[in-house]
Amino acid sequence: GSVLHLDFLGDSIHRPRVSLRLVGYSEFVSVMLSAVNAQGGVVPFREGELLQAKVIAGNDIGAFTALVQKVYFTPFPYIHIGYPDVVQMKVLRKHARVDTRLIISVAREGHESAPPMAGIAVNLSASGMRLEMYVNMLGRGDRLKIALRLPGAGEERTLAITGTVRTVSTQAAPIGKAYCGVEFDEVPAVDRLILEHYVFQG
């Protein structure tokens, strides 16, 4: 179920990164990945292609290179890649984070009758975001429903995420604005895949 982010190397280096789910592995033999992306599309692979795989493991990110060993289409599309001899680990602050200027829609729980508010996500990770909002629009502890659009598998997808405002600060914010730190609740698997894909690309 873990998400692996795959970059193509060698002769396939021009191909865009893909994010796929781990199906299983046989230790020291191979790693089996679903060949279906978050949109339900089948990702084509050729046996012998060289890949670099990255995966978030707690507060670390692991990376390794491997060859595509076998490609199967039944009973579902999946591939075998080589079991890594070495996995390079890098400590993350908490989650990889990317600077953005994404326009998002924000609704506060308990204020469903009010129209959604517009805001700007100034950075984004798989576990939260920093919002730029007008002063006094949000307070610490507010529960939020957030809608944002991110590219995934060549098209944009609208993600619906819930979370909690953990910090509010006007320090370094534009005049009349505040920065709000939002911690996400558990993100659905497909949306998390798209989030991580976007963050890694950034």
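Q: What volume does the largest cavity have?
A: Rolling a probe the size of a water molecule over the atoms shows where empty space is left. In this predicted model, the largest cavity has a volume of about 30 Å³. The structure holds one cavity of 30 Å³ or more.

Q: Let us turn to the strands. How many residues of strand E9 are buried?
A: In a regular strand the side chains alternate between the two faces of the sheet. Strand E9 spans residues 117–125 and is mostly covered, with seven of its nine residues buried. A residue is counted as buried when its relative accessible area is under 20%.

Q: In which sense, parallel or antiparallel, do strand E8 and E9 pair?
A: Strand E8, residues 97–108, pairs with E9 in the antiparallel sense, and eight bridges join the two. Within this pairing, Ile104 stands opposite Gly119 in E9.

Q: Over how many bridges do E9 and strand E10 pair, and how many residues lie between them in the hairpin?
A: Strand E10 covers residues 128–134, and its antiparallel pairing with E9 extends over four bridges. Here Leu124 stands opposite Met129 in E10. E9 and E10 form a hairpin, with two residues between the strands.

Note on methods. Residues numbered from 1 in each chain as written. Predicted model: local features only at pLDDT ≥ 70, side-chain atom pairs only at ≥ 80, totals over all residues. Heavy atoms only, no water. 1 Å grid on protein atoms, 1.4 Å probe; cavity = no way out; pocket = protein on both sides within 12 Å on 5 of 7 lines; lining within 4 Å. Points joined across faces, edges and corners; volume = space filled by probe spheres on them. Buried < 20%, exposed > 50% of the residue type's maximum accessible area, 1.4 Å probe, protein only. Pairing = 2+ DSSP bridges.
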